[in-house]
Amino acid sequence: MTAVEQTRHLATAIPGPKSAALIERKNAAVSRGVGTTMPVYAARAAGGILEDIDGNRLIDLGSGIAVTTIGNAAPRVVEAVREQVDQFTHTCFMVTPYEGYVAVAEHLNRLTPGGGEKRSALFNTGSEAVENAVKIARSYTRKQAVVSFDHAYHGRTNLTMALTAKSMPYKHGFGPFAPEIYRAPLSYPFRDAEFGKELATDGELAAKRAISVIDKQVGADNLAAVIIEPIQGEGGFIVPAPGFLPALLAWCRENNVVFIADEVQTGFARTGAMFACEHEGIEPDLIVTAKGIADGLPLSAVTGRAEIMDAPHVSGLGGTYGGNPIACAAALATIETIESDGLVDRAGAIERLMKDRLHQMQADDDRIGDVRGRGAMIAVELVKPGSTEPDAELTKALCAAAHAKGVIVLSCGTYGNVLRFLPPLAISDELLTEALDILATALGELRT
């Protein structure tokens, strides 16, 4: 593969003529329900650059939604996949198993937070792993109810849609949803400040509010699991106040409730730790992973305490493609790259660079209400000037302006007003700085 030059370059307007032609083909061939963020079609990608079929080179601040964390087409992954394809592409682990699956499970048991004996099971997608985590928790506790949180996103299958908070576009028109799902208030410091500084900064107080709702609406005797993203993804990159997660975990342990950490978006060095739970020093009962686990190949997992993971009966877990051998090879190479190349530390360096610049922008622009996140998972929440009122229109316009200038950015948030940054850890400081310069200019041009 020819190396992708690590510079931004616009050979055409965005989209170029070749991408425009493919947009027409897509509209004629693909369900309208499958949307796209960028109006360009990819040809190659590596490091911090994605090149489209018209020859435009775009700075990638999305990583395929936190998937290509170590960089697209990472050399160790490419080589590992080639070797595995040459051996066999599929046998089904439930029929004739293979070492790659076992090796991935061993690494997950080693890397995920928590001591003691652990087990893992492999699946294909984050949604599938979340569903299986709930199955495991119900099997272990012999209880049925599950609590998720305001602003949560856990997937697009029936059960995970029920766990997800936001209706449009994820749930609207797709019900009825799985029963015995309940919702509790999250610690959201920027928004909680509207109700007082103490609630915004005291995670234990915010946890008491959530636990009160859980006790009243569900009751611990009926509750199999609490599931939470340690840093929310689609909900707006919300980092709970310190103490919130430990207080929830303590309550779960006292009440025979399984604590499930959904680290689909936060896992594998993304937040400046191998897993985001480490920032709070918590050890979840079960941890769900996907996205960054295999550098773009479909793989997910549930890992947790052995006595919980072993609760389901034999053959109660599985799936035809779960732990596909090619995806497992990619995962092993991804883990090797993270550990060998010091990418956990690199995520911390990216956080410092981005937050320094974004805080400077915030000081000069009262439309930036909040700068938050950890590692290479950073966001800005945009508001109407001088207020905390969400400004979704500004967010949409800023994304469009960045796209037109060759920077891939994504939005998120319950109110559609959060600009999120998920750069690959292989990106250079120079590309990050250039992308932030472009965003600052575009934001200035959008001032009315």
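**Stop 1: a strand residue**

Select E51, which sits in strand β2, residues 49-52. Helices and strands here are DSSP runs (H or I of at least four residues for helices, E of at least two for strands), numbered from the N terminus. E51 counts as buried because its relative accessible area is 15%; buried means under 20%, exposed over 50%, and partly exposed in between (1.4 Å probe, protein chains only). Now show the neighbours of E51: V4, A42, A43, R44, N56 and R57. That list leaves out residues up to four places away in sequence. Contact means heavy atoms within 4.5 Å.

Before moving on, note that this is a predicted model, where local features need pLDDT of at least 70 and side-chain atom pairs count only at pLDDT 80 or more, while totals for chains, interfaces and linings use all residues. Residues are numbered from 1 along each chain as its sequence is written, and side-chain values use heavy atoms, with hydrogens and water left out.

**Stop 2: the two domains**

Colour 17-73 + 343-446 as domain 1 and 77-341 as domain 2. These bounds come from an automatic or database domain assignment. The centres of domain 1 and domain 2, taken over C-alpha atoms, are 25 Å apart.

**Stop 3: the interface**

How many residues of domain 1 are in contact with domain 2? Select 40 in domain 1; they meet 35 residues of domain 2. The area buried between the two domains is about 3100 Å², with 60% from carbon and sulfur atoms. Highlight I70, R374 and M377: in domain 1 they lose the most area to domain 2, together 25% of what that side buries. Buried area is the accessible area (1.4 Å probe) that two parts lose on being put together, summed over both.

Pick R420 and E234, which form a salt bridge with their closest N and O atoms 2.9 Å apart. The rule asks for a side-chain nitrogen of Lys or Arg within 4 Å of a carboxyl oxygen of Asp or Glu. Across the interface, 19 residue pairs are in polar contact, both residues at pLDDT 80 or more. Such a contact is a pair of N or O atoms within 3.5 Å; within protein, one must be able to donate a hydrogen and the other to accept it, and residues adjacent in sequence count only if both atoms are side-chain atoms.

Which elements of domain 1 supply at least two residues each to the side that touches domain 2? Select α2 (63-66), α13 (343-364), β11 (368-374), β12 (377-382) and β15 (418-421). β11 gives the largest share, 5 residues.

**Stop 4: cis peptide bonds**

Zoom to M168 and P169. A cis peptide bond joins them, with omega about 10°. P169 lies in the loop between α6 (158-163) and β6 (181-184). Then go to G175 and P176, where the peptide bond is cis with omega near 5°. P176 is also in the loop between α6 and β6.

**Stop 5: positive phi**

Select A73. Its phi is positive, about 55°, although A73 is not a glycine. A73 lies in the loop between α2 and α3 (75-87). Is A73 buried or partly exposed? A73 is partly exposed, at 32% relative accessibility.

Finish at D295. D295 has a positive phi of about 55° and is not a glycine. Look for D295 in the loop between β9 (286-289) and β10 (300-305). D295 is buried, with a relative accessible area of 6%.
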